[in-house]
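Hi there,

Here is the structure I promised to pass on to you. Have a look at it first, and then read on for what turned up in it.

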Amino acid sequence: LATVRRYEQLAFPIRGTMDTLLGHLAAGDPVVVMQNLSLPIYPMWHYAVAIGYDLPDETLILRSGEIERHTMSFSRFDATWARTERWGFVVAEPGTIPAGISARNALEAISAYEEAHGASATLSSWQAFVERYPSNAVGQFALANAFYADQQADEARNTFKRATTLDPTMGAAWLNLGILLLQSDEPDEARAALTQAANLEGDWQARAQQLLDGM
């Protein structure tokens with residue numbers, strides 16, 4: 001996963017089911033899979049890339065080691081894949097989210113990319129996320145931070161507002177919204193946002209109260 005991110009690509013973990021795996025392949029997305037080719041008590045870990053399948057024959061096509069097109073029956077593959085808890089991921093360009101990726105796994109992938117490359121580098125990916133999952137408050141919060149890192153204060157402020165509307169208990173969003181409102185010289189709105197943050201337990205609480213006292 002870290003290697004993928006070093007090449008400025010995103011690695012999205014997939015749901016560990018055969019139906020999900022075949023769905024990604026049908027959509028044209030190769031899947032990196034981890035197998036255990038031996039017994040659970042004496043593992044032989046192996047990475048391969050699933051690139052296609054033959055449904056009538058119930059076989060999977062893999063790039064495996066130096067073998068460009070290695071075929072394996074669904075049942076045999078699933079037995080080796082199950083020993084790794086069916087772990088796998090797909091790779092995508094920043095700003096895109098492959099079909100079939102859950103909100104949780106997309107959050108994990110984009111957040112990990114952000115740790116490696118910074119908030120502004122993930123702006124297009126968070127935009128794609130909120131387009132796919134518009135009611136996800138965490139995604140809106142992350143997008144707002146990316147806007148701010150990209151020096152788009154107005155967009156950041158509006159997006160923090162959406163995050164607090166979706167989840168009124170998100171104290172960090174209230175705090176950041178209050179700070180931006182202070183910076184844009186809107187003291188009444190800032191006080192209201194900071195008061196919300198100060199009334200919610202969490203790491204943001206002390207900072208919010210400090211800003212309120214300063215006002």
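Helix α3 (residues 74-82) lies across β2, β3, β4 (59-64), β5 and β6, and runs at about 100 degrees to β5. Lying across is judged by contact, meaning heavy atoms within 4.5 Å. Axes are lines fitted to C-alpha atoms, for helices over the stretch in contact, and angles run from 0 to 180 degrees between N-to-C directions. Helices (H or I, at least four residues) and strands (E, at least two) are DSSP runs numbered from the N terminus.

Please keep in mind that this is a predicted model: local features need pLDDT of at least 70, side-chain atom pairs count only at pLDDT 80 or more, and totals for chains, interfaces and linings use all residues. Residues are numbered from 1 along each chain as its sequence is written, and side-chain values use heavy atoms, with hydrogens and water left out.

Now for the sheet. Its six strands form an open sheet in the order β1-β6-β2-β3-β4-β5, with antiparallel pairing. At the edges are β1 (10-13) and β5 (67-73), each pairing on one side only. On average, neighbouring strands of this sheet are turned by 35 degrees against each other, direction ignored. Two strands pair if DSSP finds at least two bridges between them; β2 and β6 (residues 88-92) are joined by two bridges, and V33 has G88 in β6 as its bridge partner.

Next, the salt bridges (a side-chain nitrogen of Lys or Arg within 4 Å of a carboxyl oxygen of Asp or Glu). The count comes to four. R86 and D78 form one of them, with their closest N and O atoms 2.9 Å apart. Here D78 is buried, because its relative accessible area is 19%, while R86 is partly exposed at 27%. The cut-offs are under 20% for buried, over 50% for exposed and partly exposed in between, with a 1.4 Å probe and protein chains only.

Another salt bridge joins R157 and E186, at 4.0 Å between the closest N and O atoms. This pair links distant parts of the chain, 29 residues apart: R157 is in helix α7 (residues 153-166), and E186 is in the loop between α8 (171-183) and α9 (187-198). Together with D154, R157 and E186 are linked in a network of salt bridges.

Finally, is T122 buried or exposed? T122 counts as buried, because its relative accessibility is 0%.

Happy exploring!
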